[in-house]
Amino acid sequence: MNSSLLRRGLASTVLLAAVALAPPSPALAAPNTAAPNAPAPNATALNAAAPNAGTPKVAAPGEAVRVDVDVRAGLASVGVGALGVNHAIWDSQLGTPAVADLLKDAGVQMLRYPGGSYADIYHWRDHTAPGGYVAPDTDFDTFMAGARRTGAEPMIIANYGTGTAQEAADWVRYANVTKGYGAKFWTIGNENYGNGHYGSEWEADDHADKSPKEYAANVVAYAQAMKAVDPSIKVGAVLTMPGNWPDAIVGAGDEGSWNQEVLTRAGSVIDFVDVHWYPGGSSAAETLTKPAHITDAVRLLRQQISRYAGTNADGIGISMTETNVDVGRNTQPGALFLADVYSGLLAQGVFTVHWWNVHNGLGTVSTVAGQTDYNDFGLLSSGNCNADNSVCQPPMNTPFAPYYALKLMGAFAKPGDRFVGAGTGDALVSSHAVRRPNGDLAVLLINKDPDNARTVALNYHGFTPAAGAPTVVTYTNGADGLTTATSGTAAAQTLPPYAISLVTLHSANPAPAVKTPARPTATTTDRTATISWPSAGPGLKYEVFRQNNGVAEQLGETTSTSLTVRNLEPGKRYTVNVVARDGSGRTSAASPPLTFTTATPAGAPCTVKLRDTNDWGNGYVGSIDITNNTAGPVTGWTMTFAWPTTWQTLGSGWNATWTADGRTVRVTNDNALAAGATINVGYVGNYSGPNVLPEVFTLNGNVCTSA
């Protein structure tokens, strides 16, 4: 978590004996760095934010919300260890039977130790953390006993900040050779980009060189020493989530951003990358829009891995070992956020997601959606009071709202399940779905409206529900547990205000009996894509589907193992799956998804090259070279492009007249652009999420080649 060591503990005499530490602060915001003074002749300042064009509308009162679920739109599978939470050595309840049993009951499958920033001051051998507080009975063996009682895998953080590669290797030896714990996942440090290299400092780091280059060199040394003891372990390196500080910032003396430097220099020795995500938000309503960032953020992170990690890139996984909210941490907004974010990340192939934290302690008390919120990052109450005892939390280990959301996730996304496409037309309703190995379907529905119920009309594609009312498990605002009932129908459900509902449907057809095709590959032009896959067996027909907000669009079918799809849009992203069908009409499950982007046209009358020349974490300078490839001049030209996301806006532009209309940006210039000539224009772009750069540009209506 992004906070100083002295703000990573609990303000709790119950948990910390006589030591009083302030509760953790919210995620650190990006430094308040002013935008650079870019040269701006003919600049136009654009102060109004672009509206969120193209986002789902909010349903009118009484209007049914359409939800589509398509099992032909396959996403990631749920692995063992998917549902996680953090344990910390300053928590006196760590490893106790009561806590272990509560976590087991919630379906927790992975536990992270020894706890955030404390990992970079913690020495496992003598169980000390100089500068911090260590509660009694929180040593490694106690943690492992609790993890085993929970039935959870450990995720262990080796001390990078004040430790050594030898200390980490000795820990591996003790855990897996001496004790036989079989601890598989080990990360090197915690949020080590917070060591002061970028100006903000909360993470301990005794290295004289605080750069990502030095961190990467030590990751290599740690990984080699640790794997020399146990070659079967998986070693992870700390990265930052795209769209979160300090993503894209290039520090003094560096050749690239933190992620670029670490992946380039240590990508060959790691097995996964570890990121954290505290998306912030000034209100609960704003916070609950942030899960929309997940798909783009994970895609950008995978692009970074592919671009910089070398030949090992395809084998590198992604873990998300800390997330939480700023508003409603232990009331319903935290619960809704947890369910939405765990589902969204797991569906995109993140192999484990962890809540911060099991216990954390009392903060500033407020009322959120009619419930008392203790501003506590924990899943469970710490049972402590404020200084004058005027406000106290519920008794120790009382579950908070996010705990019940995690328990609902344990019933929803089980190891072996496969996420499938789900989409909704209402901005205040989220939907996720998994297909069970036996063919059943589970649909998770989240109503983010604190005041109004939602009637949901469910539509299924590639799946026929069995007759009878489905089983529905619901968690409502202020409830002290989950309710289970047989209610509604497969086609219609009513979602209470500010509630999460899990609808489980039996299939009218048996589980898929045809072998699932492997992940396809694609070769593309600007207008076509040839999609290929290995044979899944003799005598099969293959259908290729494009994912589209819960409704898969069939692009074609063939008895071959490749299909050329035509009439695509240049520079557009597509996600496709392949489904096999036998002669009896039985179908397979969808293949793993393939996402590709079509090219821009070769030999276009114009070429555009966009570069991000200076980035400060929530804005950047974009430099665009426009080249006229024709034999004659272009007079009175207009270039247009669209922001790929709704959280990107134009700040100002120069060397032309810049205007913005929603997500569309127009750049006009009355001067002639001579044959073969290039002109440079530039702008300041703002962003509040993953910064996906525009890829498609038109000049006077012609799609240009993107360089």
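Modeller: The conversation below turns to the disulfides and then to the strands. This is a predicted model, in which local features need pLDDT of at least 70, side-chain atom pairs count only at pLDDT 80 or more, and totals for chains, interfaces and linings use all residues. Residues are numbered from 1 along each chain as its sequence is written, and side-chain values use heavy atoms, with hydrogens and water left out.

Colleague: How many disulfides does the structure hold?

Modeller: There are two, where a disulfide is a pair of cysteine sulfur atoms within 2.5 Å. Counting the bonded cysteines in sequence order, the pairing is 1-2, 3-4.

Colleague: What is the sulfur distance for Cys-385 and Cys-392?

Modeller: The sulfur atoms of Cys-385 and Cys-392 are 1.9 Å apart. The torsion about their S-S bond is about 105°, so this disulfide is right-handed.

Colleague: Is Cys-385 buried, exposed or partly exposed?

Modeller: Cys-385 is partly exposed, at 28% relative accessibility, and Cys-392 is partly exposed at 34%. Buried means under 20% relative accessible area, exposed means over 50%, and partly exposed lies in between (1.4 Å probe, protein chains only).

Colleague: And which residue does Cys-606 join?

Modeller: Cys-606 is joined to Cys-704, with 2.0 Å from S to S. This link is left-handed, with -95° about the S-S bond. Cys-606 lies in strand 28 and Cys-704 in the loop between strand 36 and strand 37, so the pair ties together parts that are 98 residues apart in sequence. Both Cys-606 and Cys-704 are buried.

Colleague: What counts as a strand here?

Modeller: A strand is a DSSP run of E with at least two residues, numbered from the N terminus. Two strands pair if DSSP finds at least two bridges between them.

Colleague: Which strands pair with strand 20?

Modeller: Strand 15 (residues 441-447) runs antiparallel to strand 20 and is joined to it by seven bridges; Ala-442 has Thr-504 as its bridge partner. Strand 17 (residues 471-475) also pairs with strand 20 in the antiparallel sense, over five bridges, and Tyr-475 stands opposite Ile-500. Six of the seven residues of strand 20 (residues 499-505) are buried.

Colleague: What is the order of the five-strand open sheet?

Modeller: The order is 32-33-30-35-36, with antiparallel pairing. Strands 32 and 36 stand at the edges with a single partner strand each, so one side of each has no neighbour in the sheet. Within this sheet, strand 30 (residues 637-642) and strand 35 (residues 698-699) share two bridges, and Thr-640 stands opposite Thr-698.

Notes:
Helices (H or I, at least four residues) and strands (E, at least two) are DSSP runs, numbered from the N terminus.
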